[in-house]
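Please view the sequence and the model before reading on.

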Amino acid sequence: MIKPLTSLRMFFALFVFLSHLAFLKETDYANIFNSIFDEGFLGVSFFFILSGFILAYNYKEKFLIGNISKREFYISRLARIYPVHIATTALVFLLTFAQSGKGWEYLIQHVFLIQSFFTSEEIHFSLNSPSWSISDEMFFYLLFPFAFLISEKIRSYIFIFYLIGILILNIQLDKNQDHYWLYISPYVRFSDFLLGIILFDIFEKVKVGYSKIKQPVVIFELGAILLFILFFVFHNKIDISYRYSIYYWVPMAAIILIFALSHVAQKKSIITQFLSNKYMVLAGEISFSFYLLHVLEIQVLNYIRKIFSLNMDLMLFSFFIFIVTLIASFLMYRFIEKPLNKKVKQFLLEPSFKSKGYELNK
C-alpha cells in the first residue's frame, strides 16, 4: 500500500460528492456551486489514473513470475468491487421500485456492470448513478493483463494514438455528444487508466534515485499541489469537452507520481506524514464505499429535509450529509466491503493461491 495515495482517494471522492450537491444551485450558494463544486467531476479522472498505477504497482511481480493467472486476477478484482456495488445497487433499486414501481429494467446492466456501454443517460445513470464508473473500471480490469504485459514502447504508442483520437473527438463531437464519449465511454476513458500504467513505468525508472535523496522533498509535493490548483483556478477558460477528457491529466499525473515517490523517500515531509496517518489512510480505504453511497445519501436526506420542511442553512446541511455519508461508508466498509471481499477470495481463490505460497490480500 502506498499510504499517501490511499489517503488522497478520499480528497477526490469529496470533489465528486460536492459536484452532486445540485440543490445548492437554487440558493445563495449558487456561485460557489457553479464555480467550484460543479467541477468536482474531475475526481473520476484521478480514480481512473490511480487505478492503472496501483494495479501495475501491485501486480507487476505477480504477473512476471507467474504467481497469479488472469483468472485469479479477475476474481480478485470482482471480489474488490462487487460486494459494495451489489449492496448499493440493491438499496437504490428497492427505494426506486417502492416509489415508482420502476428500476427492474436496468438490473441486468448493473449486475453485469455494462451500463456505461450504453449512450443513453437513462441507462448509464440509472439506479445508483456513480456506478457507471465502476462499469468502466470493470472494462479496464479485463484489459489490464494485456495492456500491462505488452512492451512499454507499444504502450506509449497506444497512448499517443489515444491522445490524437481524443483531440479529434474534442473538435468533431457535437456538444450533446461530448459528455458521453469523452467522459463516460469506457473505450475512451481507458486512456486515463493507460496513463496510470505509464506513470508506473516512469515511477520504476526514477524511484531508486529518488529514494537516495536525504532531505524531505516537500517542494515537489507543494509543486504538484500548486499545479493542480492552477489548473483548477483557470478551468473556466477551458472548454468543458477538454475538461471531461485530457485537461486534468498533467496535474493528476504529477500528484500521483510525486506522492508515490514520496512514499519511498528516506525522509518523509510533513505532507506525506499527514497523508500516512492511520486515520487519513482509513478515510482513503472507505472512499470506495463513500463514492458508491454518496448520491443515495444526498437524495434520501434531501428528500427527508423537504418532507419535514426543515429550515436550515443548506451549506450546513451539506456538511451534515457528508458526515452521515462518512459514517455509513465506514459501516459499509467494515461490515460488507472488507469481510465479503475476503470471503469471496477465500471461496474462489484460496486453494490455488495457497498452492503457490501466495497469501490473499487486498
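Two residues are in contact here when heavy atoms lie within 4.5 Å. The model is a predicted one.

By that definition, helix 3 meets helix 7 through V44, F47, F48, S51, G52, L55, A56, Y59, K60 and F63. On the side of helix 7, the residues are W132, S133, D136, E137, F140, Y141, F144, P145, F148 and L149. Sorted by class, this contact holds 14 nonpolar, 3 polar and 3 charged residues.

A second pair is formed by helix 1 and helix 17. M10, L14 and F17 of helix 1 touch S318, I321, F322, T325 and L326 of helix 17. The residues of this contact are 6 nonpolar, 2 polar and no charged.

Two packed helices are described by the angle between their axes and the distance between the axes. The table gives these values for both pairs.

| Pair | Angle | Axis distance |
|---|---|---|
| helix 3 (residues 42-64) and helix 7 (residues 132-149) | roughly 35° | within 10 Å |
| helix 1 (residues 3-19) and helix 17 (residues 314-348) | about 130° | 12 Å |

The angle of about 130° makes helix 1 oblique to helix 17. Helix 1 passes helix 17 in a right-handed crossing, and the crossing of helix 3 with helix 7 is right-handed.

Helix 10 covers residues 186-211.

Terms used: Residues numbered from 1 in each chain as written. Predicted model: local features only at pLDDT ≥ 70, side-chain atom pairs only at ≥ 80, totals over all residues. Heavy atoms only, no water. Helix = DSSP H or I, 4+ residues; strand = E, 2+ residues; numbered from the N terminus. Expected span 1.5 Å × (residues − 1). Axes fitted to C-alpha atoms, helices over the stretch in contact; angles between N-to-C directions. Parallel < 35°, antiparallel > 145°, perpendicular 65-115°, else oblique. Left-handed = near helix turned anticlockwise from the far one by under 90°. Nonpolar A, V, L, I, M, F, W, Y, C, P; charged D, E, K, R; others polar.
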